[in-house]
Amino acid sequence: MSLEEGYHIREEDVFPATHSIEIACNDNELNHDGFSTLIPSTINSNPTITPGETKPQLISEETIRIWLKRDSGQYWPSIYHTMPDSCSCMSFNPETRRLSMGMENGIISEFILSEDYNKMTPAQTYQAHQGRVTVVLFVLEMEWVLSTGQDKNFTWHCSESGTQLGLYRTTAWVSGLQFDVETRHAFVGDYSGQVTILKLELDSCSLVTTFKGHTGNVTALCWDPVQRVLFSGSADHSIIMWDIGGGKGTAIELQGHNEKVQGLCYAPHTRQLISCSSDGGIVIWNMDVTRQETPEWLDSDSCQKCEQPFFWNFKQMWDSKKIGLRQHHCRKCGQAVCGKCSAKRSTIPLMGFEFEVRVCDSCHESITDEDRAPTATFHDSKHSIVYMHYEPTMGWLLTSGADKVVKLWDMTPVVS
């Protein structure tokens, strides 16, 4: 599928989704070493891919299906399992073949898949929450099952005994969860737009810090343990890169979507971020460039360029006998300016503005053609994406849409 001149993503496969959870793999490569960890998500669709052509997905119904790719090239279910309630999220660990299912009733059920992926055996059940499980994440190194729910509780259980180890009460229900094994830090994004960092111990946790940068709810989180940066996507259409390891509190904004961000995946070998939104847009960001923080917006009672009063500055309006003007802000310098002094528009890719934004006249003159060189490529998936998963080993991206269609993309032409 051609997406933009000079950049092409090949659509490898498209197939309709049924009302189920689907996990698919190539029956010629049924070894767990080739599988990748499932990225959990909330309700509607929850796909992942693994080396060996895997196409799983989750839709709010009460069945689990595991699909195998046959010699004919078609996918057929090898397992069809009915759950006691609708499924809301899932997590799959390739090394142990452990499938963790979160449900609408607050229960997490775990299964162990056989080596040939033709059988699944119940392993553990957790009464984790009082309402829908929004995110579930299995951490093999700690033998923990992390989960969040609409009851605003973040819990972690021992996967061996099934006992609850700890609980933390969040201010809003959680929509994103990531975990760093080395430091035992849990990154929690919620519907208030806040990202909370917790330090987990065996039976307790402590609050490290909170970040507030989004004006909408956090919809996706992605953690890079190598560069030690956290990416958060939001319903406000923005992405923020939080420099956790740098210790300076740097936050880089990325503005490249017209609708809410639905998924984030990071390709560490190329230092590229893949993001998707509900309007079907897929953006590949080059993170191997020196990016700049967006400036804080300055407060002023008058234009900081022409000194004309803003409409609430009654004293200056009376003294100068002039009508007050509406306040705007230059996206490059952050100064408070009037519309006349900020009539020009420009992209500022190194500040994350891939679309044209308002800049003051002096900043517009300072921006060169080199400064406007894009640092991201834009592509259209042709369906409203609700979830995505990237497999870096093969360079494949799987998208699942509100149209109940799962698409598999060859990303090697643009992520390389």
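Colleague: Let's start with the open sheet that contains E24: which strands form it, and in what order?

Modeller: Strands of a sheet pair through backbone hydrogen bonds, either parallel or antiparallel. In this predicted model, four strands make an open sheet in the order E24-E25-E26-E31, with antiparallel pairing. Strands here are DSSP runs of E with at least two residues, helices are runs of H or I with at least four, and both are numbered from the N terminus. Two strands count as paired if DSSP finds at least two bridges between them.

Colleague: Which strands stand at the edges of that sheet?

Modeller: Strand E24 (261–267) and strand E31 (376–380) each have a single partner strand, so one side of each is left without a neighbour in the sheet. From one strand to the next, the twist averages 15°. For such angles, axes are lines fitted to C-alpha atoms (for helices, over the stretch in contact), and the angles run from 0 to 180 degrees between N-to-C directions.

Colleague: How many bridges pair E26 with E31?

Modeller: Strand E26 (residues 281–286) pairs with E31 over five bridges, in the antiparallel sense. Within this sheet, Ile282 stands opposite His379 in E31.

Colleague: Which numbering and which filters should I keep in mind?

Modeller: Residues are numbered from 1 along each chain as its sequence is written. As the model is predicted, local features need pLDDT of at least 70 and side-chain atom pairs count only at pLDDT 80 or more, while totals for chains, interfaces and linings use all residues; side-chain values use heavy atoms, with hydrogens and water left out.

Colleague: What is the mean pLDDT of the chain?

Modeller: pLDDT is the predictor's confidence in each residue, from 0 to 100. The chain has a mean of 83, and 85% of its residues reach 70 or more. Over residues 15–45, however, pLDDT is below 50, although the stretch has 137 contacts in the model beyond near neighbours in sequence. A contact means heavy atoms within 4.5 Å. Residues 47–60 also stay under 50, with 97 contacts beyond four places in sequence.

Colleague: How many helices and strands are there in the chain?

Modeller: The chain has two helices and 34 strands. Of its 416 residues, 56% count as buried, where buried means under 20% relative accessible area, exposed over 50%, and partly exposed in between (1.4 Å probe, protein chains only).

Colleague: Where can I see a hairpin?

Modeller: Look at E6 and E7, which form a hairpin with five residues between them. Gly73 in the turn has a positive phi of about 95°. Strand E6 (residues 63–69) and strand E7 (residues 75–82) pair in the antiparallel sense over seven bridges, and Leu68 stands opposite Trp76 in E7.

Colleague: What is the strand order in the open sheet with E8?

Modeller: The order is E8-E9-E10-E11, and the four strands pair antiparallel. Strand E8 (87–93) and strand E11 (120–127) are at the edges with a single partner strand each, so one side of each is left without a neighbour in the sheet. Ignoring direction, neighbouring strands of this sheet are turned by 20° against each other on average. Six bridges join E8 to strand E9 (residues 98–103), and Cys89 has Gly102 as its bridge partner in E9.

Colleague: Where is Arg97 found, and is it buried or exposed?

Modeller: Arg97 is in the loop between E8 and E9. Its phi is positive, about 55°, although Arg97 is not a glycine. Arg97 counts as buried because its relative accessibility is 14%. Glu143 also has a positive phi, near 55°, but is partly exposed, with a relative accessible area of 34%. Glu143 lies in the loop between strand E12 (133–139) and strand E13 (144–149).

Colleague: Which residues does UniProt list for "repeat: WD"?

Modeller: The unreviewed UniProt entry lists 211–244, 254–288 and 378–411. Those positions follow the numbering used here, feature names are shortened, and annotations may be inferred rather than shown by experiment. In the model, residues 211–244 are 0% helix and 62% strand, with end C-alpha atoms 11 Å apart. Residues 378–411 are 0% helix and 65% strand, and their end C-alpha atoms lie 13 Å apart.
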